[in-house]
Amino acid sequence: MRSLLAARPALAATTPLVSALAATALLLTGCGTTPAGAGNPAPGGATAGAPSTQPVDDPGRDGARITSITLPAPSASPSSSSSSSSGYGVRPDPLDAPEDPKTSAAYEVVNTTSTAQTYTVVVTFTSSAGGAMSTRTVTVRDVAPGKTARGTAHAEVLPPGAPAITGAHVLKATKVPADEAPTDSGPCPASGIRVGADQGDATMGLRVVGLHLVNCGTRDYTVEGYPLLELLDSDHEPVSGIRILDGSKDITTGIGGDEPPRRVTLRPNESATAYLVWRNTTEAGTAVNVPHVRVRAKAGAAPVTVTPNLDLGTTGKLGVTPWKKK
């Protein structure tokens, strides 16, 4: 288990949550962006060698849906592609991920809440047999109440001989209040720090997710002790009945993190890490899943809501280790 944790990239060293889905990401922020293929010929009217855009009947999830898919002509030759590594498990820099511009899906996100939201949308591109051929994660930031944001997700270029992509749909969508959304790029927040979560590790029912704190400001930033956590359900309401434990020794002794908390001072560009530790054991009772965790680096710090999708089973407890400088 130590080797898995040691291999986890730090937030400051990369350019994101998510979960066990194997997703790369494309960061899209504009509201009202022109959908993919807006100027392409309609199905049946495309000229030879030109891509075609087709409408998609996607019921969507949580306000996000695919509206159309743009496919290359049968004679088009795929180009080479490479995968990019994600920031802290969620959102890589799109410039590091070459894509085939002819294979894409236009999506829209509708905010029906009363506050601005940031959405994370997982788009799956499928073959005619329904198999998943490419999965992409897009982040749509700052969608105002009652507004619709539109953008485009690009499929990865498939290896030779792979089935052709013929469809796309939203596999999963989550949202958090825009003013609490993690940011792993762009201007440093007013707080002077970035807080995010990685995709985590899972071994024999044991789950470990890293929380990463980066001082992106111009002054030293000091923490001491444990991150302050609030567990939230899918409606961002508090989840009760779960004990948040200092340290991980009551869950496992295999990852360390039970040494006494120490004062940690981060100079600009330095980072610290803490870990969420739990088991997904399910016995008698009702299993509890916690999609969101509101994190404060310390008392009085601005909150950041991450989405580690805690499958706590019936254990009723979550361990958290103290901040430790990387």
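This is a predicted model: local features need pLDDT of at least 70, side-chain atom pairs count only at pLDDT 80 or more; totals for chains, interfaces and linings use all residues.
1. Strands S2, S3, S4 and S7 make up an open sheet, arranged in the order S2-S3-S4-S7 with antiparallel pairing. Strand S2 (52-55) and strand S7 (148-154) are the edge strands; each has a single partner strand, so one side of each has no neighbour in the sheet. On average, and with direction ignored, neighbouring strands of this sheet are turned by 25° against each other.

2. The pairing of S3 and S4. Strand S3 covers residues 64-71 and strand S4 residues 104-110; the two run antiparallel and are joined by six bridges. For a reader who wants a place to look, Ile 69 has Ala 105 in S4 as its bridge partner. As background, the strands of a sheet pair through backbone hydrogen bonds.

3. Glu 108 and Arg 65 form a salt bridge through their side chains, at 3.0 Å from N to O. Glu 108 belongs to strand S4 and Arg 65 to strand S3, so this pair ties together parts that lie 43 residues apart in sequence. How accessible are the two partners? Glu 108 is buried, at 13% relative accessible area, whereas Arg 65 is partly exposed, at 33%. The pair is also part of a network: salt bridges with shared partners join Arg 65, Glu 108 and Arg 150.

4. The model has nine salt bridges in total. One of them links Asp 62 and Lys 175, whose closest N and O atoms are 3.0 Å apart. Which parts of the chain does this pair tie together? Asp 62 is in the loop between S2 and S3, and Lys 175 is in strand S8 (residues 165-177), so the connected parts are 113 residues apart in sequence. Asp 62 is partly exposed, with a relative accessibility of 39%. Lys 175 has a relative accessible area of 15% and is buried, because the limit for that class is under 20%.

5. Between Glu 224 and Arg 263 the closest N and O atoms are 3.8 Å apart, and the two residues form a salt bridge. Glu 224 lies in strand S12 (residues 221-224) and Arg 263 in strand S15 (residues 263-266), so parts 39 residues apart in sequence are tied together.

6. Rings. How many aromatic pairs does the model have? The count is zero. A ring does take part in another kind of arrangement: the charged end of Lys 298 sits over the ring of Tyr 221, at 4.5 Å from the ring centre.

7. Thr 126. This residue is in strand S5, which covers residues 117-127. Its relative accessibility is 11%, so Thr 126 counts as buried. Which residues does Thr 126 contact, leaving aside neighbours within four places in sequence? They are Gly 131, Ala 132 and Met 133, together with Ala 164, Ile 165, Thr 166, Gly 167, Ala 168 and His 169.

Key: Residues are numbered from 1 along each chain as its sequence is written. Side-chain values use heavy atoms; hydrogens and water are left out. Two strands pair if DSSP finds at least two bridges between them. Helices (H or I, at least four residues) and strands (E, at least two) are DSSP runs, numbered from the N terminus. Axes are lines fitted to C-alpha atoms, for helices over the stretch in contact, and angles run from 0 to 180 degrees between N-to-C directions. Rings of Phe, Tyr and Trp (its six-membered ring) pair if their centres lie within 6.5 Å; planes under 30 degrees apart count as stacked, over 60 as edge-to-face and the rest as tilted. A charge sits over a ring if NZ of Lys or CZ of Arg is within 6 Å of the ring centre and within 35 degrees of the ring normal. A salt bridge is a side-chain nitrogen of Lys or Arg within 4 Å of a carboxyl oxygen of Asp or Glu. Buried means under 20% relative accessible area, exposed over 50%, partly exposed in between (1.4 Å probe, protein chains only). Contact means heavy atoms within 4.5 Å.
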